[in-house]
Amino acid sequence: MSALKAVKETVIAGLAMFGLASIGAGIHWTFVPVSLETIDASKRNIELVTPSPVEVTPAETDDPADMTEPTDETEAVAAEPAVVTDWVAWAQALPVEIGTDEADKLGLNLAALYVDARAPDAFAEGHVLGAFNVPADDPELYLGDLLGFDPSQIFVIYCSGGECNESKIVADRLGDLGYVNLFIDVDGYPAWVDAGLPVGVVETGGGQ
Amino acid sequence: MTPLEGTLNTLTLLLRLGLAVVMGFAAYNKLLDPGAFVFSIEGFRILPDHMIPAAAFLLPWLEAVIAVALFLGLGGRAAAAISAVLLLTFIGGFISVLARDLSVDCGCFGKYKLLCTPAVGTEANPDAGRNFIWCKMGENSLFAAAALLVTIWGPGFFSWDTPFGRRKAAAADSDAGVTYPRDDAGAV
């Protein structure tokens, strides 16, 4: 058999495989639609959330970060409210992707829970105080910790910041569980530490 | 068939089956959760958003077809060639990620791993993410080398294409009056 014939056969076989794969992928995609939109903000319903029993307004915090001028990004989202009921409206108007400042305020004022999407060893090394660990590469590992909350519970999911995608994977999974009030802290854990906000450390993975 | 050819046919058989298992495992885990795989692809920041869902389905299906082809030795050389191209493309993606200092979880085997444990840089180990990428490049290089060997030498023993070894040997036997039914049937 000539080399040319072997190459020709190989190319034809390769094209056949590509065609088969395309057919399989097309059928699969038809029945299992996927999207890069992890969170449907239109389903958000923060009115149902029970606010934190401790009413904290920005003016009452002693966090130096809160005393500084708000960033342009914050101003663009909404003015910071003074009472809890306004915090609900403020949160309702937030974009899905938020920064450290908004993540902190959601926890302080609306009892949001934090979900760390990084691997357990990174979580054990340091995480947002009180965060649950749901590692993106194996969400089922600790996903059980997040079952049983009210569907209106606010979750703030974060990973290592920058271009990390773990928080989106976990947000997608939480959305599948029926949670509608989901936010992604795109600044991630490093920014949380840089802001001097409270962190926790554990010896093993799991919620603290 | 010389002893050397026999050894090479055995070696390529083992490499072919090994690649089939790796490809099949990768495909299975991606196909289980394409919704998560889209974010793994997005993490590379290479493809435009509108192409990512298509890639999230096409890639694992291609891996699945390749796995079956490699296992059966049906178009084994072509399957190995596509594997090599895929793996070299992945290596290119990892080089790009390193160059841009991104943190990715490639989602190569879903929640499982072979040689490399997914990691991101932490305060205690800031290079963990980069080390993971280097490890993946090494892992893929091994698989790519195996795929290239199968592409060059052929699928080896017990393949649908050449049941008793390399097609060249089969053709030589054919010239000598020995025929193999599946070759004669014009299998790809």
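## About the model

This is a predicted model, in which local features need pLDDT of at least 70 and side-chain atom pairs count only at pLDDT 80 or more, while totals for chains, interfaces and linings use all residues. Residues are numbered from 1 along each chain as its sequence is written, and chains are lettered from A and ligands numbered from 1 in the order in which they are written.

## The sheet of chain A

Let's start with the strands. Chain A holds an open sheet of 5 strands in the order S1-S6-S5-S2-S4, with parallel pairing. Helices (H or I, at least four residues) and strands (E, at least two) are DSSP runs, numbered from the N terminus, and two strands pair if DSSP finds at least two bridges between them. At the edges are S1 (97–98) and S4 (132–133) of chain A, each pairing on one side only.

Strand S2 (residues 113–116) and strand S5 (residues 154–158) of chain A are joined in the parallel sense over 4 bridges. Here A:Asp116 stands opposite A:Tyr158 in S5(A). Helix H5 (residues 100–110) of chain A lies across S1, S2, S5 and S6 (181–185), running at about 150° to S5(A). H8(A) also packs on the sheet, where it touches S2, S5 and S6 of chain A, and its direction makes about 175° with that of S6(A). Such angles run from 0 to 180 degrees between N-to-C directions, with axes being lines fitted to C-alpha atoms, for helices over the stretch in contact.

## Where the chains meet

Across the two chains, 36 residues of chain A are in contact with 40 residues of chain B; contact means that C-beta atoms, placed from the backbone, lie within 7 Å. The elements giving two or more residues to this side of chain A are H1 (3–31), H6 (120–125) and H8. H1(A) gives the most, with 14 residues.

One helix pair is worth a look: H8 (residues 166–176) of chain A and H2 (residues 34–43) of chain B pack at an angle of about 160°, with axes 9 Å apart. H8(A) and H2(B) are therefore roughly antiparallel, a term for angles over 145 degrees. A:Lys168, A:Ile169 and A:Asp172 of H8(A) make the contact with B:Gly35, B:Ala36 and B:Phe39 of H2(B).

## Chain B

Chain B has 7 helices and 0 strands. Of its 188 residues, 47% count as buried, that is, with 20 or more other C-beta atoms within 10 Å of their own, C-beta atoms being placed from the backbone. Among contacts in chain B between residues at least 6 apart in sequence, 68% join residues at least 24 apart.

Technical notes. Parallel < 35°, antiparallel > 145°, perpendicular 65-115°, else oblique. Buried ≥ 20, exposed ≤ 12 C-beta atoms within 10 Å, placed from the backbone.
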